[in-house]
Amino acid sequence: DEESRAQTFRLVGVVSDPQSPAVYVPIYGLKSKGIDSYSLVKVVVEAATDVTAVRKKLEAIGFTAASAVDTVAEIRKIFSLVRVGLGGVGMFALAVAALGMINTLTVSLLERTREVGYMKAIGMKSHEVYRLFITESMLMGLLGGGLGLLVGYVGGRLISLVVSLLTVMRGKGFVDVSDVPLSLISTVLLISVIVGVLTGQYPARRRNRRGGAVGGNGSG
């Protein structure tokens, strides 16, 4: 019985995975020993782009093919759903933040009637007062976006640290689950500035009109 007889093979490599005690032997080595049947075949392709074509060929001859690409695809689907969910939460938070900024700016600017009157009295033009308040709202939005990025970055690093502690204890090494690309930083800061400018339009225009009346009285 060739399947139970001791055979000698030359060891050419060790797979660093203690969780799956398996031995990989080339098929031609087994056929030379008289073993013609097998339950599983591992096919190695030169590039990841060849997986789909090789799988179709294997399925065409009656095999059931599975690869790590399937697992990666499922993980990407899960992360896509997570991104959509987080995006929805982010849009809701952005809307709430915009309303909060409008309220804060309106109350703040209404309390600065005397200040606007003084600025008008010393010669500041209406459009200059308008630009001043728009700049303040833009800086407020930029500061909020920057703080949000900082909190997100620190939170991601803390999550990576916790996950890495678990993986290191299992002998898997460090794992980084957070990534803040430069494109994301630029997009967040740009959106923050745009939201700041848009939310500052109404209170700045309203204060500019009211400030003009106060300024006129002061100069008269």
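This is a predicted model: local features need pLDDT of at least 70, side-chain atom pairs count only at pLDDT 80 or more; totals for chains, interfaces and linings use all residues.
# Reading the helix packing in this model

Q: How many helices and strands does the protein chain have?
A: Helices (H or I, at least four residues) and strands (E, at least two) are DSSP runs, numbered from the N terminus. Here the protein chain has 7 helices and 0 strands, giving the pattern α-α-α-α-α-α-α along the sequence.

Q: Back to the first pair, then. Which residues of H4 and H5 meet, and what is the hand of the crossing?
A: For the hand, picture the near helix turned from the far one by less than a right angle: anticlockwise is left-handed, clockwise right-handed. H4 and H5 cross in the right-handed sense. Contact means heavy atoms within 4.5 Å, and on that basis Val116, Met119 and Lys120 of H4 meet Ser126, Val129, Leu132 and Phe133 of H5. These residues divide into 5 nonpolar, 1 polar and 1 charged (Ala, Val, Leu, Ile, Met, Phe, Trp, Tyr, Cys and Pro are nonpolar; Asp, Glu, Lys and Arg are charged; the others, Gly among them, are polar).

Q: Is Met119 buried or exposed, and which residues is it in contact with?
A: Buried means under 20% relative accessible area, exposed over 50%, and partly exposed in between (1.4 Å probe, protein chains only). Met119, in helix H4, counts as buried because its relative accessibility is 11%. Leaving aside neighbours within four places in sequence, Met119 is in contact with Met124, Val129, Leu132 and Phe133. Take Val129: 10 residues separate this residue from Met119 in sequence, and their C-alpha atoms are 7.8 Å apart.

Q: At what angle do H3 and H5 pack?
A: Helix H3 (residues 68-110) packs with H5 at about 140°, and their axes lie 12 Å apart. H3 and H5 are therefore oblique as well, and their crossing is right-handed. Met101, Leu105 and Leu109 come from H3, while H5 supplies Phe133, Ser137, Met140 and Gly141.

Q: How far apart are the axes of H5 and H6?
A: The axes of H5 and helix H6 (residues 182-199) are 7 Å apart, with an angle of about 150°. H5 passes H6 in a right-handed crossing. On the H5 side, the contact is made by Ile134, Ser137, Met138, Gly141, Leu142, Gly145, Gly146 and Leu149; on the H6 side, by Ile185, Val188, Leu189, Ser192, Val193, Gly196 and Val197. The classes come to 9 nonpolar, 6 polar and no charged.

Q: Which residues does Ser160 touch?
A: Ser160 belongs to helix H5 and, at 1% relative accessibility, counts as buried. Not counting residues up to four places away in sequence, Ser160 touches Val175, Asp176, Val177 and Ser178.

Q: Which side chains meet in a salt bridge?
A: The rule asks for a side-chain nitrogen of Lys or Arg within 4 Å of a carboxyl oxygen of Asp or Glu, and the count comes to 1 salt bridge. Glu74 and Lys77 form this pair, at 3.9 Å from N to O. Both lie in helix H3, 3 residues apart, about one turn of the helix. Glu74 counts as partly exposed at 44% relative accessibility, whereas Lys77, at 52%, counts as exposed.

How values were computed
Residues are numbered from 1 along each chain as its sequence is written. Side-chain values use heavy atoms; hydrogens and water are left out. Axes are lines fitted to C-alpha atoms, for helices over the stretch in contact, and angles run from 0 to 180 degrees between N-to-C directions. Angles under 35 degrees count as roughly parallel, over 145 as roughly antiparallel, 65 to 115 as roughly perpendicular and the rest as oblique.
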